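Dear colleague,

My findings are set out after it.

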Amino acid sequence: AVVAHGLRRLDVGVLVVAPPRSPLPLLLPEDPGVRVLTGTAVKDSELREVATSFGDGRYVVIVDDVDQLAVLATEQGFSSTPTLLEEVAQPTARGGRALVLTADARPVLTGFPGPSARLINTALTTGHRLLLTPEDRATALAHNVPLDPDQYFTDPPGRGYLVTGRTPTLLQVAVPVR
């Protein structure tokens, strides 16, 4: 929600995809530049249709609990075409489009792939990551965040490490004002 509020202040469109139980849609700014899709399985064609409402403007796709969602690719011949999320995750989209994934990526990263495994792995290898409240070494290692033993914690909520290179940066994510 903090990211969506900040993006809207910069006049960047926001497309949120969330499972039905997600609290995120209730925390978003009431703004025509914010679009929301909910469901456990979302068709790529639906995502693309909503994304066209942003025209040529910049937009960000925020996916809440990506580990609980499936994006159904469009079939072309005997193969699936890349989904909008996969296209937005590519470095070539930088500057015009971006992707924000939220989830506990640990199951995917430790060998239990779900429907979003490829997307999560692409995001981890080509993008930045924010690891919130890393409580133990296993969590940090699963997310490939190098931490020293005294860098683990469980609170306060919203504190974590931003990893944009080799060195994680400690930060506190603000709570949105309602």
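This is a predicted model: local features need pLDDT of at least 70, side-chain atom pairs count only at pLDDT 80 or more; totals for chains, interfaces and linings use all residues.

Residues are numbered from 1 along each chain as its sequence is written, and side-chain values use heavy atoms, with hydrogens and water left out. Helices (H or I, at least four residues) and strands (E, at least two) are DSSP runs, numbered from the N terminus.

Helix α3 spans residues 44-51, and its residues Asp-44, Leu-47, Val-50 and Ala-51 are buried (under 20% relative accessible area with a 1.4 Å probe, protein chains only; exposed is over 50%, and partly exposed lies in between). These residues are on the same side of α3 because they cover an arc of only 125 degrees around the axis, the arc being that of the directions from the helix axis to the C-beta atoms. The buried residues of α3 pack against β1 (13-18), β2 (34-38), β3 (41-43), β4 (59-63), β5 (70-72) and α4 (84-89), contact meaning heavy atoms within 4.5 Å.

The largest pocket holds about 1,700 Å³ of space. A pocket here is an open set of points on a 1 Å grid over the protein atoms alone, where a 1.4 Å probe fits, with protein on both sides within 12 Å along at least five of seven lines; lining residues have an atom within 4 Å of a point. Grid points are joined across faces, edges and corners, and the volume is the space filled by probe spheres set on the points. The lining comprises 50 residues, and Val-100, Leu-101, Thr-102, Arg-129 and Leu-130 lie nearest the centre. Strand β8 gives the most to this lining, with five residues.

Strands β10 (residues 159-163) and β11 (residues 168-172) pair in the antiparallel sense over five bridges; pairing requires that DSSP finds at least two bridges between two strands. Together β10 and β11 form a hairpin, with four residues between them. Gly-160 has Leu-171 in β11 as its bridge partner.

Turning to the backbone, Asp-155 and Pro-156 are joined by a cis peptide bond with omega of about 10 degrees. Pro-156 lies in the loop between α7 (137-142) and β10. Asp-65, in the loop between β4 and β5, has a positive phi of about 50 degrees although it is not a glycine.

Yours sincerely
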